[in-house]
Amino acid sequence: MLILGVTGGIGSGKTVVTDIFSKLDIDIIDADLASRKAVFKGSSSLIKIQEKFGKDILLKDGNLNRAKLREIIFKDSNQKDWLEKLLHPQILQIIKDELEESKSLYKILVSPLLFETGQYQVCDRTLLVDVSEDKQIQRTSIRDKVPSGQVKSIIKSQLSRLEKIELADDVVSNEGSLADLEEKIKALHSSYLIYAK
């Protein structure tokens, strides 16, 4: 069964793209949701994160303060490395389990760090949702209500746009209208159905 990896930089429109695929009855396995499951309230990983970064890393309800953690790891690459070593194997296992359960004609793993984390290795094909860096900054700043400098630091921490274009099997531009994007995704969907046979 074909596993398609969908990726793109922050603010590129991965969610819009996977929503279109979902309407075409394709199962979506989301690496971001898997990463949330890995640090679920009371989980062993969350306990280790609290031991490492202190009680302030938790919200009042006992869940992870993701904004605070993001702030820490973007300031210190050693902390980022430690966190990735802890979480990436668990996230990958959650993803594999969810892919195994999927029953659609082909299935999609959507991950902002598909190439960076090695998650592309569980995929048969990869699709990059591509937009200019200016658009990424503009969309993310508005959506997340964060300063453009913070968005730029997230972009810098990931593979460059050109590196992703080189690595991806397929690239879809999300610079135009939603109708334009839907047409492109439907065309790709038809080709993936052929691959999936």
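**Reading the helices, one face at a time**

Modeller: Let's start with a helix and its cover: among what covers the buried residues of α7 are α4 (66-75) and α6 (133-144). Keep in mind that we're looking at a predicted model.

Colleague: Okay, but which residues of α7 are buried?

Modeller: The idea is to check how much of a residue's area is accessible: under 20% relative accessible area we call it buried, and over 50% exposed. In α7, which runs over residues 148-157, the buried ones are V151, I154 and I155. Now look down the axis of α7: these buried residues fall within an arc of 100°, so they line one face of the helix.

Colleague: Let me try that on α2. Which residues are buried there?

Modeller: Helix α2 covers residues 31-38, and A31, A34, S35 and A38 are its buried residues. Their arc around the axis is only 100°, so they sit on the same side of α2. The cover over them includes β2, α3 (44-53), α4, α5 (77-101) and β3.

Colleague: And α1? Which of its residues are buried, and which are exposed on the face turned away?

Modeller: For α1, the buried list is K14, V17, T18, I20 and F21. These span an arc of only 150° around the axis, and that puts them on the same side of α1.

Colleague: What covers the buried residues of α1?

Modeller: The cover includes the strands β1 (3-7), β2 (27-30), β3 (107-110) and β4 (125-130), along with helix α9.

Colleague: Then how do I describe the way α1 and α9 pack?

Modeller: Look at the angle and the distance between the axes. Here α1 (residues 14-23) and α9 (residues 178-196) pack at about 55°, and their axes are 10 Å apart. That makes the two helices oblique to each other. There's a handedness to read too: α1 passes α9 in a right-handed crossing.

Colleague: Which residues make the contact?

Modeller: From α1 it's V16, V17, I20 and F21, and from α9 it's L178, L181, E182, I185, H189 and Y192. Sort the residues of this contact by type and you get 8 nonpolar, 1 polar and 1 charged.

Colleague: Can we zoom in on H189? Is it buried or exposed?

Modeller: H189, which lies in α9, has a relative accessible area of 10%, so it's buried. To see its partners, skip the neighbours within four places in sequence: H189 is then in contact with F21, L24, I26 and Y106.

Colleague: What about A196?

Modeller: A196 is also a residue of α9. Its relative accessibility is 23%, so it counts as partly exposed. Leaving out neighbours within four places in sequence again, A196 is in contact with L2, L105 and Y106.

Colleague: Last one: which residue with a positive phi follows α1?

Modeller: That's D25, with a phi near 65°, and D25 is not a glycine. You'll find D25 in the loop between α1 and β2. Its relative accessibility is 62%, so D25 counts as exposed.

Technical notes. Residues numbered from 1 in each chain as written. Predicted model: local features only at pLDDT ≥ 70, side-chain atom pairs only at ≥ 80, totals over all residues. Heavy atoms only, no water. Axes fitted to C-alpha atoms, helices over the stretch in contact; angles between N-to-C directions. Helix = DSSP H or I, 4+ residues; strand = E, 2+ residues; numbered from the N terminus. Parallel < 35°, antiparallel > 145°, perpendicular 65-115°, else oblique. Left-handed = near helix turned anticlockwise from the far one by under 90°. Contact = heavy atoms within 4.5 Å. Nonpolar A, V, L, I, M, F, W, Y, C, P; charged D, E, K, R; others polar. Buried < 20%, exposed > 50% of the residue type's maximum accessible area, 1.4 Å probe, protein only. Arc of directions from axis to C-beta.
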